[in-house]
Amino acid sequence: MPDEHAHSGQPSQGTTNLIPGVKHVIAVSSGKGGVGKSTVAANLACALSLTGAKVGLLDADLYGPNIPMMMGSTKGPEQKDGKILPVESYGVKLISMAFLVPEEAPLVWRGPMVHQYLQAFFRDVLWGDLDYLLIDLPPGTGDVQLSLSQMVPLAGAITVTTPQEVALYDVRKGMAMFQKVNVPLLGIVENMSYFVCGHCGERTEIFSYGGGERAAEKLGLPFLGRIPIDPAIREGGDSGHPIIVADPASPQAAAFRDIAQKLIAAMSGAGEGSPPIESLLKKIKQSFTNN
Ligand SMILES: Nc1ncnc2c1ncn2[C@@H]1O[C@H](COP(=O)(O)OP(=O)(O)OP(=O)(O)O)[C@@H](O)[C@H]1O
Ligand SMILES: [Mg+2]
């Protein structure tokens, strides 16, 4: 069960911080699967690293770990003094279950195992000093999310969504869970927001438009930005060259950089911050009854 006494950005009472050298731990979450969390996490990690910050990316999707593939790292981590050295790619330190189990192995974990593996990813990995550690979560609300919120002081969670209503319904559920375990909500990223035709330049809103921003408004949370749906972003993920490093001059890369800047601002205290828990829970409840 989540520690009722935990509060924003602080380790819960009686819990030792397993990663004292890390300044800001930011979870990348989503209500639904396949909305682009891992893509956003990989590109944001690279974008933050490109600003000169020290960045880590922990693939906490123990069931479907994609980060090594998306970051182009095939070689597993080395060990030092009985601890694991994170793999480095594009200047970002990475760890993932994909490094530790054979490719085809089914990943079926019970709750206590999830807790143990996650703990090992913090306690047994030599993260060193980091400005940001991004955590790529599995979709929805489950053991990983709950364990994580108990284990390390989270600076906050961002939520990735596609713009259509059915995805937004899940966003509100996910956000309500983070609020319940006292994790500050840093804002919403709308992915696969629109498509610009490479031939005629026409813009098509495949999953409708602006849903992420409307949800953010309704809940009183920052809207962090929208990313277009674009074959180059998908290719970047498949080939292990995130668009932000593969084509830094592209508008898609600029969209990710913009979100990274907003995160940096939020972490330095210049952002709007998260609204008080009671008011947010009330808004989430209202938004369900209004629809
Ligand atoms: N903006 C985008 N444009 C085009 N393709 C995208 C975009 N964002 C993500 N994709 C592609 O969509 C697929 C799903 O993305 P991704 O794996 O990042 O989602 P996810 O939310 O992490 O999924 P899961 O819930 O399974 O962890 C991938 O093939 C990815 O390359
Ligand atoms: Mg993923």
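Ligand 1 takes up the space of the largest pocket. A pocket here is an open set of points on a 1 Å grid over the protein atoms alone, where a 1.4 Å probe fits, with protein on both sides within 12 Å along at least five of seven lines. The model is predicted: local features need pLDDT of at least 70, side-chain atom pairs count only at pLDDT 80 or more, and totals for chains, interfaces and linings use all residues. Residues are numbered from 1 along each chain as its sequence is written, chains are lettered from A and ligands numbered from 1 in written order, and side-chain values use heavy atoms, without hydrogens or water.

**Shell around ligand 1**
- The ligand is surrounded by 18 residues (a heavy atom within 4 Å).
- Gly34, Lys37, Ser38, Thr39 and Pro228 are the closest.
- Eight shell residues are nonpolar, six polar and four charged. Gly counts as polar in this scheme.

**Polar contacts and burial**
- Polar contacts are pairs of N or O atoms within 3.5 Å.
- A polar backbone atom of Gly34 is 2.9 Å from an oxygen atom of ligand 1.
- Val35 places a backbone N or O atom 3.1 Å from an oxygen atom of ligand 1.
- Asn191 uses its side chain: a polar atom there lies 2.9 Å from a nitrogen atom of ligand 1.
- Ligand 1 exposes 630 Å² when taken alone, and the protein buries 81% of that (Shrake-Rupley method, 1.4 Å probe).

**Elements at the ligand**
- Two elements give two or more residues each to the shell: α1 (37–50) and α7 (231–239).
- With three residues, α1 gives the most.

**Overall fold**
- The chain has ten helices and twelve strands (DSSP runs: H or I of at least four residues, E of at least two).
- Its radius of gyration, over C-alpha atoms, is 18 Å, close to the 19 Å from the globule rule (2.2 Å times the number of residues to the power 0.38) for 291 residues, so the chain is as compact as a globular protein of that length.
- The C-alpha trace spans about 55 × 45 × 40 Å along its principal axes.

- Met192 has phi near 55 degrees. Its loop runs between β9 (185–190) and β10 (195–196).
- Ser208 has phi near 70 degrees. Its loop runs between β11 (203–204) and α6 (211–219).

Definitions and conventions: Polar contact = N/O pair within 3.5 Å; in protein donor to acceptor, adjacent residues only side chain to side chain. 1 Å grid on protein atoms, 1.4 Å probe; cavity = no way out; pocket = protein on both sides within 12 Å on 5 of 7 lines; lining within 4 Å. Sits in = over half its atoms within 2 Å of the grid points.
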